[in-house]
Amino acid sequence: IENRSYAEGIGIKLGSSMVFHPGLGIEAGYDSNVYYSDADLVGAARLRIVPSIAFATLPPQRLEMTEGGLSGKKPTIEFRFGLAGIYEDWFGKDKSLEYRRNFGILADLGLVIFPYGKWQLRLSDEFSRSIRPPNEAMKDDYTIDHNVAALGLHFVPGQALDVGLDARYHMNFYELDVLQDAGNYHKIDVELNLKWKFLPKTAVIFSTVVSPYLRKDTTYGTAPNEFPVNSSVNLESWIGLQGLFTSRFGVAAQLGYGAAFFDKPSASFPSADFDSILARAELRFFVTPMSAIRLGFIRDLRPSFFTNYYVRNEGYLSYEQLIVGRVLLSAKFRVGYWQYSPLYQIDGTRSDAFGTGNNPRKDIVLTALLFGEYRITDWIAINATFQYTGDFTKAELASTLTGAIPEAYNKFEILGGVRAMY
């Protein structure tokens, strides 16, 4: 295998500039806590089957085979369309698992006009239908349809500078009626960004994003737990540095400012605006050319279902080892401290919907991931995954089918599978 960055094989050539990539992934394993519960856990065997197809312009492997190779005549258009179906099923003694069988979808479309020119026009669209079991043994899944359409114009006069103006439209839609008032939204991002490579392997990066975040102008829940759903205008601005300073040491660091200005149901309603420093940082140490350690931290603003937002403070440590170009072993550990915005009743008083003394809600989230993959060829691989997730919080949901239930949980997942992407 000459280059592990190739995520797929050489493909089936269709004409002089188009390639067809068929694919199939199969995973099976065990989930110790299907419903994210803190007690009376329901475990189940799990099966996931993912057939996929993709049409794309010539990949790097085929460009290398052309007369000019990668340094020859460059294409004026880069195009890709991908479609995948995701069959999910669960098997166990609990009768509620009969309702867990479902189908997800992934689709993506990408088009770059003049990808090697000074002016580049970039268009893309990504759609997903994701399936998540509910947090109690009910019939319906928490199924989310999410779409992001993007349009960008970039000025790239050479290898050192990239200045872009990008617009993105996000649509989030819950298929379950009772989740739509709080969970559905539209968001529009308008972003100005710049990347200046002032050294061969070191660049300054800058971006500013303005995002109207539009939620349904209504309330969700029922008395005494009825809450307003607030739209907002969000602002984020970032400046940073990324680069490889020696053959073994690199850094990617950004400092940012974030603000969010939320609508209020009335003039007397408490302010729920956000205003704070944001940060992203990662240190990279390459122990050998085939192994790397990464240590990082993230502080950013995230949308929340129950409240206006939460602030994610998260640190992580990872190790990756590539053996003889075919075996990849990796381990990643994350610890997060999530701070939610206060939750208010429709009359402006603080709510006890998360339990007495738990407003604002705070979560400590731990994740440990072990992954191994053996590539039989550059397009066929077998893999194994072990993941632990723990959410440690005192918060509980006040109104569910079975009454108040805690939001804390521990979950183990073990999966093994094979994937092929020709």
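Which residue is the bridge partner of Arg284 in S16? It's Arg294. That pair is a handy place to start with this predicted model, which has two helices and 23 strands. With a radius of gyration of 24 Å, close to the 22 Å from the globule rule for 422 residues, the protein is as compact as a globular protein of that length.

**The whole protein**
- Picture a box of roughly 70 × 50 × 40 Å along the principal axes: that's what the C-alpha atoms fill.
- Out of 422 residues, 43% count as buried.
- If you look at contacts with a separation of 6 or more, 58% of them come from residues 24 or more positions apart.

- Strand S15 covers residues 274-288 and strand S16 covers residues 291-303; the two run antiparallel, joined by eight bridges.
- Arg284 and Arg294, the pair from the opening, are bridge partners here.
- To get from S15 to S16, the chain takes a hairpin of two residues.
- S16 also pairs with strand S17 (residues 309-323), again in the antiparallel sense, over 13 bridges.
- On that side, Gly296 has Tyr316 in S17 as its bridge partner.
- The hairpin from S16 to S17 goes through five residues.

**S23 and its partners**
- Strand S2 (residues 18-31) is joined by nine bridges to strand S23 (residues 409-421), and they run antiparallel.
- One spot to look for is Ala28, which stands opposite Gly416 in S23.
- S23 pairs with strand S20 (residues 380-392) too, in the antiparallel sense and over twelve bridges.
- There, Gly390 stands opposite Asn410 in S23.

**A closer look at Val210**
- You'll find Val210 in strand S10, which spans residues 202-215.
- Is Val210 buried or partly exposed? Its relative accessible area is 37%, so Val210 is partly exposed.
- Leaving out residues up to four places away in sequence, Val210 touches Ile188, Asp189, Val190, Val233, Asn234 and Leu235.
- Take Leu235: it lies 25 residues from Val210 in sequence, yet their C-alpha atoms are 4.7 Å apart in space.
- As background for looking at strands, side chains in a regular strand alternate between the two faces of the sheet.

Terms used
Residues are numbered from 1 along each chain as its sequence is written. This is a predicted model: local features need pLDDT of at least 70, side-chain atom pairs count only at pLDDT 80 or more; totals for chains, interfaces and linings use all residues. Side-chain values use heavy atoms; hydrogens and water are left out. Helices (H or I, at least four residues) and strands (E, at least two) are DSSP runs, numbered from the N terminus. The radius of gyration is taken over C-alpha atoms; the globule rule is 2.2 Å times the number of residues to the power 0.38. Buried means under 20% relative accessible area, exposed over 50%, partly exposed in between (1.4 Å probe, protein chains only). Contact means heavy atoms within 4.5 Å. Two strands pair if DSSP finds at least two bridges between them.
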